[in-house]
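Please look over the sequence and the model shown below before reading on. The briefing that follows takes up loops, nonpolar cores and cavities in turn.

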Amino acid sequence: MKYNRGSVLRFAAPVRNVAQRFAYIFLLFGALAIIVIGRADQQIFERVRVSVTDVVAPILDAVSRPVATISEIIEEARSLTKIREENGQLKLENAQLIQWQSAARALALENEKLRQLLGFIPDNVAKSVTARVIGDSGGTFVRNILINAGRRAGIAKGQAALVNFGLIGRVHEVGERSARVLLITDLNSRIPVVVESTRQRAVLAGDNSDRPRLLHLPDNVKIKKGERIVTSGHGGVFPPGLPVGIVAYTTDNAVVVQPFVHGEKVEFARLIDFGLTGVLTDLERRNKAAVGQ
């Protein structure tokens with residue numbers, strides 16, 4: 001059976017025109033009908049709604065999956081970008097830390113060398129004798145100690161008395177089997193020193209207390225608490241760099257030094273001959289001159 005397509009289209013054209021013209025009215029009446037039915041019988045309306053939802057749900061799920069996947073891809077791309085930036089920052093910080101580590105190691109090595117230099121003993125040391133402390137003055141007006149080594153052991157006037165932590169004094173009386181060490185805290189002790197950080201020269205003067213003072217400082221010099229004091233090497237008394245103490249506190253009229261070691265509390269002392277006799281030579285010369293007169 002053959003259809004006349006042109007005749008069908010001509011027959012359907014009025015119907016299509018009517019449907020397009022009154023589509024809005026049909027939809028409006030349809031919505032009103034749904035509302036009226038929902039008011040009249042809510043159970044039927046609910047069942048219809050559930051049925052429609054069941055039918056549409058798989059479609060909505062299928063449609064939503066690509067959207068969710070695209071959102072996950074976008075979020076993943078953002079995360080990767082952020083991770084890449086953080087990775088670059090971490091690489092930069094790691095490179096900086098490696099540089100700081102190298103610098104820290106170099107400074108630690110330099111610090112160790114400086115520490116060794118502070119306890120440095122020159123190669124031309126004639127001898128070093130370790131003696132035991134057998135007595136101390138124990139008085140208020142004299143600060144010295146007596147050791148059990150004398151001239152027979154090679155002890156001589158002017159030798160420096162040290163312990164591991166620093167200078168405690170120098171030998172000023174020598175017997176055959178004993179010697180007496182004048183401590184840096186004694187009233188008669190005068191030692192040329194410098195402030196290690198500023199290289200400011202001064203004289204460390206004992207006053208029979210536990211804390212000697214710095215003398216002959218310029219008026220405009222400011223010395224901070226905690227500054228290290230070492231021997232200056234001037235006057236031929238001691239070699240430069242022997243640790244003496246740190247600045248305990250300062251006042252308007254005085255700079256007070258805390259010695260690294262309390263000479264009265266040591267049990268052993270090391271007597272070292274640095275071959276320096278500058279002050280002793282002057283003293284002996286004056287003594288001889290006085291005897292000759």
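This is a predicted model: local features need pLDDT of at least 70, side-chain atom pairs count only at pLDDT 80 or more; totals for chains, interfaces and linings use all residues.

**Loops, cores and cavities**

R199 is found in the loop that runs between β6 and β7.

**Loop residues with positive phi**

- R199, which sits in the loop between β6 and β7, has a phi near 60°, a positive value in a residue other than glycine.
- With a relative accessibility of 51%, R199 counts as exposed, because the cut-off for that class is over 50%.
- H216 has its place in the loop between β8 (213-215) and β9 (228-231), and its phi is also near 60°, again a positive value in a residue other than glycine.
- The relative accessibility of H216 is 67%, and therefore H216 counts as exposed under the cut-off of over 50%.

**A buried arginine**

- R143 is placed in the loop between β1 (128-136) and β2 (144-147).
- The relative accessible area of R143 is 13%, which is under 20%, so this residue is buried.
- A polar contact joins the side chain of R143 to the side chain of D210, at 3.2 Å.

**Nonpolar cores**

- In soluble globular proteins, nonpolar side chains tend to be buried together.
- In this model, the largest nonpolar core has 21 residues, and those with the most contacts inside it are L167, I191, V193, L204, L214, I229 and F238.
- Two or more residues of this core are given by each of the elements β3 (160-163), β6 (190-195), β7 (201-205), β10 (243-250) and β11 (255-259).
- Of these elements, β6 provides the largest share of the core, with 3 residues.
- Another core, of 19 residues, lies apart from the largest one, and V174, V261, A269 and L271 are among its members.

**Cavities**

- Rolling a probe the size of a water molecule over the atoms shows where empty space is left.
- The residues that line the second largest cavity are I168, L183, I184, T185, P259, V261 and G263.
- Sorted by class, this lining has 5 nonpolar residues and 2 polar residues, with no charged residues.

Conventions. Residues are numbered from 1 along each chain as its sequence is written. Side-chain values use heavy atoms; hydrogens and water are left out. On a 1 Å grid over the protein atoms alone, a cavity is a set of points where a 1.4 Å probe fits but cannot get out, and a pocket is an open set with protein on both sides within 12 Å along at least five of seven lines; lining residues have an atom within 4 Å of a point. Ala, Val, Leu, Ile, Met, Phe, Trp, Tyr, Cys and Pro count as nonpolar, Asp, Glu, Lys and Arg as charged, and the others, Gly among them, as polar. Helices (H or I, at least four residues) and strands (E, at least two) are DSSP runs, numbered from the N terminus. Buried means under 20% relative accessible area, exposed over 50%, partly exposed in between (1.4 Å probe, protein chains only). A polar contact is a pair of N or O atoms within 3.5 Å; within protein, one must be able to donate a hydrogen and the other to accept it, and residues adjacent in sequence count only if both atoms are side-chain atoms. A nonpolar core is a set of buried Ala, Val, Leu, Ile, Met, Phe, Trp, Tyr and Cys residues joined through side-chain atoms within 4.5 Å.
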